[in-house]
Amino acid sequence: MKRLLVLVVVASLAGNAWLAWRLWTAPGATRSTHSSGERIVMRTPGGLLEVSTVTAEERFDSSTEHTVLGVPVGRTVASVRVPTVYRYHVPLASEWTLRQSGDALIVVAPKVRPSLPVAIDTGRMEAFSAGVWSPFTGEAAVAALRRSISERLEKRAGAPELLLLQRESARHTVTEFVRKWVLEQPRWKGATVPTVFVFFEDEPLGRDAGPLLDRMP
């Protein structure tokens, strides 16, 4: 798991570095008739744009110690496994402000948020209990564990590793969304369609995209 997380981090950093390089070296960046950092207003219908999903089988465990007069007499272990789908979105405000420099169209999108509650497949949920006292206490332990799943999944959905895992899929979705909007605008009819670069507000390059454009010739 740690090795997978490291690979995801490296891939994300490499993707951001590549986007930054493309931004600086985009063909025609200094030959456009548009001024550097021109602001463009993109009207959107509001609502939410679903940008990515992550599927996983999650497992939750609990352990209850039993005592008699303070003396341990065993424990009840409960476990629940359930297929889970984490969905992520960005809010579509009434307007987005984009910036164009040469053939590059820069979009700083709102940060990705988890869609709650997290979806689970209750039909494929598996639950069991174990322990000396489980014939008497197992059902209640499993029921209590099930009641805690929604809250625990909500916290899990916002975990940095999952947000990072879905980021490039989210970037691709927003890029497609903006490209479709660009192709529908009269200003680009018959003209070279700009290259779209998408950053999110919570990314380092997302926070720096505006100042970076201002420094471009």
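# Salt bridges, a bent helix and a surface patch

Colleague: Glutamate 203, buried or exposed?

Modeller: Glutamate 203 counts as buried, because its relative accessibility is 2% and the cut-off for buried is under 20%. Keep in mind that this is a predicted model.

Colleague: Which residue does glutamate 203 form a salt bridge with?

Modeller: Its salt-bridge partner is arginine 171, and the closest N and O atoms are 2.7 Å apart. Arginine 171 sits in helix 3 (residues 160–183), while glutamate 203 sits in the loop between strand 9 (195–200) and helix 4 (204–215), so the pair ties together parts that are 32 residues apart in sequence.

Colleague: And arginine 171, why does it count as buried or exposed?

Modeller: Arginine 171 has a relative accessible area of 5%, so it is classed as buried.

Colleague: Which residues are in the salt-bridge network there?

Modeller: Arg167, Glu168, Arg171, Asp202 and Glu203 are linked through salt bridges into a network.

Colleague: How many salt bridges in the whole structure?

Modeller: The search finds twelve. One of them joins glutamate 58 and arginine 156, with the closest N and O atoms 3.5 Å apart. That pair links distant parts of the chain, 98 residues apart: glutamate 58 is in strand 2 and arginine 156 is in helix 2 (residues 134–157).

Colleague: Glutamate 58, buried or exposed?

Modeller: Glutamate 58 is buried, with a relative accessible area of 15%. Arginine 156 is partly exposed, at 26%.

Colleague: What does glutamate 65 form a salt bridge with?

Modeller: Glutamate 65 bridges to arginine 75, and the closest N and O atoms are 2.8 Å apart. Glutamate 65 is partly exposed at 47% relative accessible area, and arginine 75 is partly exposed at 43%.

Colleague: Back to helix 2. Where does it bend?

Modeller: Helix 2 bends at isoleucine 149, by about 40 degrees. Isoleucine 149 is one of the buried residues of that helix; among the others are Ser134, Gly138, Leu145 and Leu153.

Colleague: What do the buried residues of helix 2 pack against?

Modeller: They pack against strands 2, 3, 6, 7 and 8 (126–130 for strand 8), and against helix 3.

Colleague: Change of topic. Which residues form the nonpolar patch on the surface?

Modeller: The patch consists of Val68, Leu69, Val71, Val73, Val132, Trp133 and Phe136, and together they have about 760 Å² of accessible area.

Colleague: What is its phi?

Modeller: Leucine 69 has a positive phi, about 55 degrees, although it is not a glycine. Most residues other than glycine have a negative phi.

Colleague: Which peptide bond is cis?

Modeller: The bond from leucine 116 to proline 117 is cis, with omega near 0 degrees. Most peptide bonds are trans.

Colleague: Where does proline 117 lie?

Modeller: Proline 117 lies in the loop that runs between strand 6 (113–114) and strand 7 (119–120).

Conventions:
Residues are numbered from 1 along each chain as its sequence is written. This is a predicted model: local features need pLDDT of at least 70, side-chain atom pairs count only at pLDDT 80 or more; totals for chains, interfaces and linings use all residues. Side-chain values use heavy atoms; hydrogens and water are left out. Patches are made of residues with over 30% relative accessible area and no salt bridge: like charges are joined within 9 Å, nonpolar side chains (Val, Leu, Ile, Met, Phe, Trp, Tyr) within 5 Å. Accessible areas come from the Shrake-Rupley method with a 1.4 Å probe; for residues, only the protein chains shown count as cover. A salt bridge is a side-chain nitrogen of Lys or Arg within 4 Å of a carboxyl oxygen of Asp or Glu. Helices (H or I, at least four residues) and strands (E, at least two) are DSSP runs, numbered from the N terminus. Buried means under 20% relative accessible area, exposed over 50%, partly exposed in between (1.4 Å probe, protein chains only). The bend at a residue is the angle between axes fitted to the seven residues ending there and the seven starting there. Contact means heavy atoms within 4.5 Å.
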